[in-house]
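Colleague: I would like to check the labels on this one. Please set each value against its cut-off.

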Amino acid sequence: MKKVLLPFTLLLLMVMASCRSGSDNNMLLSRTFTTSGWERFDFIKREVTLKQPASYNLTMEAVFAPSYPYDELTVVFSVIDADENPLRAKSYRFRLKDAEGQWKSDLKDGCYTFLLPINSDLTLDGPGTYLFQLESRMPITPLEGIKKISILNKK
C-alpha cells in the first residue's frame with residue numbers, strides 16, 4: 001500500500017504546484033484585509049523583473065463586506081521603472097452601487113466581488129525592473145469594509 005501511496009502523493013503535489021504557479025503568474029499584486037482597513041498611504045506593491053518586453057491586460061478584483069460605507073472606490077494604479085520614474089499613473093473611480101444604493105454585484109459567501117478594468121493594453125519595453133503600485137484615494141482612513149484587493153493579468 002505504501003508503494004502505491006507515495007507515487008500518488010507525489011503526483012498530487014506536482015499537480016497542485018503547477019496549478020498554483022499558473023495562478024500566481026496572473027496575480028501581480030494582492031492584499032487581504034482581515035483585522036483592519038486599508039490605510040491611505042499603505043501602498044500595495046510588487047516589483048517585477050522583465051528580461052524581454054511584456055504586455056498586460058490588467059483587471060482589479062475587489063471584494064467588499066456589506067458594511068462598506070461608500071458607493072464607490074477610488075484608487076491610483078502606477079507603474080514605476082527602476083530609476084523611480086513613473087511610466088504610468090492613473091486614477092480610477094469605480095461605482096459599486098447604483099443610484100438607489102444597491103450593490104452592482106451579487107452577494108456571495110457574505111461579500112460582494114467586482115472585476116474592474118484597469119488597463120487592457122499595458123506594454124513594458126523591458127528588460128528591467130518595474131514596480132506595480134496601488135493606492136487608496138478614499139477620503140476616510142482606514143478604509144473599512146474592504147476585504148481583498150488584487151491586480152490580475154488576464155492574458
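**Labels and cut-offs**

Modeller: This is a predicted model; local features need pLDDT of at least 70, side-chain atom pairs count only at pLDDT 80 or more, and totals for chains, interfaces and linings use all residues. Residues are numbered from 1 along each chain as its sequence is written, and side-chain values use heavy atoms, without hydrogens and water.

Colleague: Why is the pair of Phe 64 and Phe 114 called edge-to-face?

Modeller: Rings of Phe, Tyr and Trp (its six-membered ring) pair if their centres lie within 6.5 Å; planes under 30 degrees apart are stacked, over 60 edge-to-face, the rest tilted. Here the centres are 5.9 Å apart and the planes stand at 75°, so the pair is edge-to-face.

Colleague: What makes Trp 103 and Tyr 112 stacked?

Modeller: Their planes are 10° apart, with 4.3 Å centre to centre.

Colleague: Why does Trp 103 count as buried?

Modeller: Buried means under 20% relative accessible area, exposed over 50%, partly exposed in between (1.4 Å probe, protein chains only). Trp 103 has 16%, so Trp 103 is buried. Tyr 112, at 12%, is buried too.

Colleague: How do you know that Glu 72 and Arg 93 form a salt bridge?

Modeller: A salt bridge needs a side-chain nitrogen of Lys or Arg within 4 Å of a carboxyl oxygen of Asp or Glu. Their closest N and O atoms are 2.6 Å apart. Glu 72 also bridges to Arg 95, at 3.5 Å.
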